[in-house]
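This report describes selected features of the structure shown below.

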Amino acid sequence: MFHVERFNFRSMFNEIYDVIVVGAGHAGSEAAAAAANMGSKTLLVTMNLQNIAQMSCNPAMGGIAKGQIVREIDALGGYSGIVSDTSAIQFKMLNKSKGPAMWSPRVQSDRMRFAEDWRLLLEKTPNLDFYQDMVSGLLIENGRVAGVKTSLGVDIKSKSVVLTNGTFLNGLIHIGDKNFGGGRAGEKAATGITEQLVSLGFDAGRMKTGTPPRVDGRSLDYSKMIEQPGDDKPEKFSYLDITKPLQVQKSCHMTYTSELVHDLLREGFDRSPMFNGRIKSLGPRYCPSIEDKINRFADKDRHQLFVEPEGWNTVEVYVNGFSTSLPEDVQFKALRSVVGFENVKFFRPGYAIEYDYFPPTQLKHTLETKLVEGLYFAGQINGTTGYEEAASQGLMAGINASLKVQEKEAFVLKRDEAYIGVLIDDLITKGTEEPYRMFTSRAEYRTLLRQDNADLRLTPKGFEIGLASEKRLRRMEQKHSEAEKFVEFFATTSVKPEEANPVLESKESSLIKQSDKMFKIFSRPNITIDDMRKFDAVEDYIRENDLDDEVIEQAEIQVKYSGYISKEKNNADKLSRLEYVKIPDNFDYSQIKSMSFEAREKLKKVQPVTVSQASRISGVSPNDISVLLVYMGR
Amino acid sequence: MILQDTIVALATPSGAGAIAVIRLSGPDAIHFADKQFKSVSGKLLAKQKTHTIHLGHIMDGNKTIDEVLVSVFKNPNSYTGEDVVEISCHGSKYIQQEIIQLFLRNGCRMATAGEFTLRAFLNGKLDLSQAEAVADLITSDNEASHQIAMQQMRGGFSSEIAKLREELLNFASLIELELDFAEEDVEFADRTKFKDLVERISFVLKRLIDSFAVGNVIKNGIPVAIVGEPNVGKSTLLNALLNEERAIVSEIAGTTRDTVEDEISIGGMGFRFIDTAGIRETQDVVESIGIKKTFEKIDQAQVVIYLFDSTQFKTLGPQFKVELEKIKNKYPQKPLIIIANKIDKLNEKDISNLKSQISNLELLSAKTGIGVEELKDKLLSFVNTGSLRNNDTIITNSRHYDSLLKALDEIQKVKHGLESGLSGDLLAIDIRQALYHFGEITGEITNDDLLGNIFANFCIGK
């Protein structure tokens, strides 16, 4: 005993962690939670414990394609859905007028509460330790990771490390012609890691992103803007019943820029780091700065601005659509010319930030690096943008680091199973030159990857790897069995013309002459569940079986879109043919002289596991794939 | 699959001819050729420029096998994309064999069927549809099918599909734009314009699909059935068109029991003539089987020729008319050419009598050649080759045909979807499938294309 005490006295970290997570943003928090919840002894190291799970940009979670990812994270047993629910101030189901694959949940968040709820959840998570320090390097032994070194000179041992450094690696903040090191406004940049990784043989690159000014809500005239309230019937992200839909919501507002605003912004272009060449790295095309927008789309005389509250109680307001790195005086003058902003007071100006990333083709599907065993990358370090993209990678890296330490099989999601699968496959197969954001159009089988069935798709998998709770699994099973029974009810129950026709007439749908199955009527394009509920039998069934909204929605989707869903399933099966043609490890592409040089180089770099993955690599043509198939003996 | 070895094969048809070409392809083609070839000027092929021709001798040790011309093509500027040597030798079978054997003994491997083209494909010299066209080109034996194969090999067909695909891709991008950027201030897809586009695409697809029938005919020849009484001169007519003795000709009626086919190129078009045993009512078992076969052949034919012996018209005229009616009733849609043969044996009066009794009659003497040219013109008039002559695309490949049919099916679904106001994400399923089928013919569809399109052209904010 004496021995052990002396040892403890000597070192703060005398044990070997299973997983060390570096960084506590969206990726790091999910990674730490997943690893710890799967039973791995986990340490979360971050430069500032006050800033766990910061929303560095807009105060919102979800949106088109992103909302689906949050649902997937929740279905697997991650925390992002729960925290998004508890910190929400407004809920919207976007794209509700389109097919169910497009329905996308989004919340406006209370920025401070979001971070607080995350931290409290993490503190309640077993197996998880915290430490505040800057990680300045990795401990490497025999080509595999053995822990981290901190700037205070502490060595912490571990079997695996997940790097989630966000925008902090050699972060450089630009405002006009001024620039200074930093990972976020007011926070120090992290140094050392990039240099070490490059010396180990990693490729590194630079990316850029930006954020708009935050202003004092008391200085705005909302009466001149268009109010944008939340949904009348708000829903939520988590499939668990521990969170509840919002009772009260806060509105956003919308206003527009004008020719005058554009002219004022243009006056500062010569001092813009974007235009004077100081920023060389690429930013996201779909999240352009306001100066980029008026420069590229010069014929547009106005652009939308969304005025988003930052929380229930704070007066701080986020000016979405006005991301800029122009000098603060130019930002201020231009914003003052926006309708409703005549007397605006700034809290913080907008800025651009450049940071290091590592082209993600250097990773395996598990997000483990090919070069260093036990080292995982997640989030912006992989060239992505967005909280949801980061969180889902963190979750997958945390899961896989944990599985590897426990010597269990890796956990990889396929493209027809989850947006998370699409995201990771895109990253490691195609790489990315600009910050990567998820879109529904990136998914070939979008109709299968809906926000309503993420639990059906993923909760059994999450349960199997020991992350999703049994309670979660039972809820999913109950929901889907109830939905199935409800669908069966529509298929077997008839409705008489005298009851059906008034409803049909009101929807300008053709009338029925004799009794018909409810399923057939429900299948008609413009008949909704609300129409069906006008039939007594339906309303009785719902009441007797105490069906909740999720079950009813699920049944509606099953009835109305089953044709499209099964068609998409067929397509997925048909196209996944090449998924089963495996390419041997370390296959020597240089021997295939018949392939284009570019294709050979790309294939050598990415080392695809299947011919299907090879076919998705940019620069690899169908011709190259035919050649590859010939070599694989097909 | 090993591309490291050098292959050899006869590139011209087997059998004797004036000259024959033996082709070598592979990394050692030039080296191997140098070992057996002695240039008259003493040059080494390895030191010669690509695309040059050299006179010399093929030597087996000290023994001269033949005086030859050798063409050198250096990679990648050759048919296969590898080093290629083509040896033009004298066409005797013995010489061909000797030379090929010589190379086989000295490091070459015999090429398997289609291996030169396979290598060209593997080396990226041809895409799939071009490689398929090569096979068509080699087997084309008339001008029209040759023209199509050439066009396809040069990528004409693929590029027409590529054009369609690009238009559809733009369409798809607009749809994706309104799905992924519903919150943005973007201009949404104009449904009326979409309908126009879909109409246009289905019009082109239908034309390509219809061209398959034409293309098939051009590739395989237009089937023409010759029907008539035994011994009316069917075989003689065939011979007159063919200019060679091929069908059995005899004076005994009913000699042609089995149907005989022959292909003749008329005005650049292939015609496949099917000789039949006629349809005379008979008790003879053998002949009645022949009659059944005749009708089967008429079923398959696109044009029917009814041929009768004008010297027998006086006695058998009524029977001819019955048979003609039978054909007209059974095949009202099929072009029918009625020919009176042996008119060299009739006088003016008989001829005008004949003309008055049967309308649209062609007068012919297969023996003397009277009316043969007119018959050829008439046959050509049934073939609509207008589209071909205008350099339009014609589909001859059944794999392409299949993909086009599937693409059209999806496009029709898009059309219905548009008409019933279907949501963009559901429309997109069908659009993606159509793009996939286009891709089966020419290129790939990746979602990157869609995104690239979106960002190149539109203002996206937020």
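## Helix packing in chain A

Helix axes are lines fitted to C-alpha atoms over the stretch in contact, and the angle between two of them runs from 0 to 180 degrees between N-to-C directions. The model discussed here is predicted. In chain A, helix α7 (residues 259-266) and helix α9 (residues 328-336) have axes that come within 8 Å and cross at roughly 170°. Because angles over 145 degrees count as roughly antiparallel, α7(A) and α9(A) are therefore roughly antiparallel to each other.

On the α7(A) side, the contact is made by A:Val261, A:Leu264 and A:Leu265, while α9(A) contributes A:Val330, A:Lys333 and A:Ala334. Sorted by class, this contact has 5 nonpolar residues, 1 charged residue and no polar ones.

## Confidence in chain A

Chain A has a mean pLDDT of 92, with 97% of its residues at 70 or more. Residues 4-9 of chain A have pLDDT below 50, and beyond near neighbours in sequence this stretch has 2 contacts in the model.

## Nonpolar cores

The largest nonpolar core holds 143 residues; the members that touch the most others are A:Ile20, A:Ala31, A:Val162, A:Tyr419 and B:Ile431. Setting aside neighbours within four places in sequence, A:Tyr419 is in contact with A:Ala65, A:Gln68, A:Ile69, A:Glu72, A:Met438, A:Ala443 and A:Leu449. A second, separate core of 43 residues includes A:Ile617 and A:Tyr631 together with B:Ile99 and B:Ile100.

## Chain B: overall organisation

Chain B contains 16 helices and 13 strands. Of its 462 residues, 39% are buried. Among contacts in chain B with a separation of 6 or more, 64% link residues 24 or more positions apart.

One pair separated along the chain is B:Ser173 and B:Ala428: they lie 255 residues apart, and their C-alpha atoms are separated by 9.6 Å. B:Ser173 belongs to helix α6 (residues 156-180) of chain B. This serine, B:Ser173, has 22 C-beta neighbours inside 10 Å and so counts as buried, the cut-off being 20 or more.

## Enclosed helices of chain B

Helix α1 (residues 29-36) of chain B has 6 of its 8 residues buried, so it is largely enclosed by the rest of the structure. The buried residues of α1(B) are B:Ala29, B:Ile30, B:Phe32, B:Ala33, B:Asp34 and B:Gln36. Their cover includes strands β2 (19-25), β3 (37-39), β4 (52-60), β5 (63-73) and β6 (84-90), as well as helix α2 (93-105), of chain B.

Helix α3 (residues 115-122) of chain B is likewise mostly covered, with 6 of its 8 residues buried. In α3(B) these are B:Phe116, B:Thr117, B:Arg119, B:Ala120, B:Phe121 and B:Leu122.

## Backbone geometry in loops

A:Asn95 lies in the loop between β4 (88-94) and β5 (104-109) of chain A, whereas B:Asn360 lies in the loop between α11 (348-357) and β13 (361-363) of chain B.

In chain B, a cis peptide bond with omega of about 0° joins B:Asn75 and B:Pro76. B:Pro76 is located in the loop between β5 and β6 of chain B.

Notes
Residues numbered from 1 in each chain as written. Chains lettered and ligands numbered in written order. Predicted model: local features only at pLDDT ≥ 70, side-chain atom pairs only at ≥ 80, totals over all residues. Helix = DSSP H or I, 4+ residues; strand = E, 2+ residues; numbered from the N terminus. Buried ≥ 20, exposed ≤ 12 C-beta atoms within 10 Å, placed from the backbone. Contact = placed C-beta atoms within 7 Å. Parallel < 35°, antiparallel > 145°, perpendicular 65-115°, else oblique. Nonpolar A, V, L, I, M, F, W, Y, C, P; charged D, E, K, R; others polar. Core = buried A, V, L, I, M, F, W, Y, C linked by C-beta atoms within 7 Å. pLDDT = per-residue confidence, 0-100.
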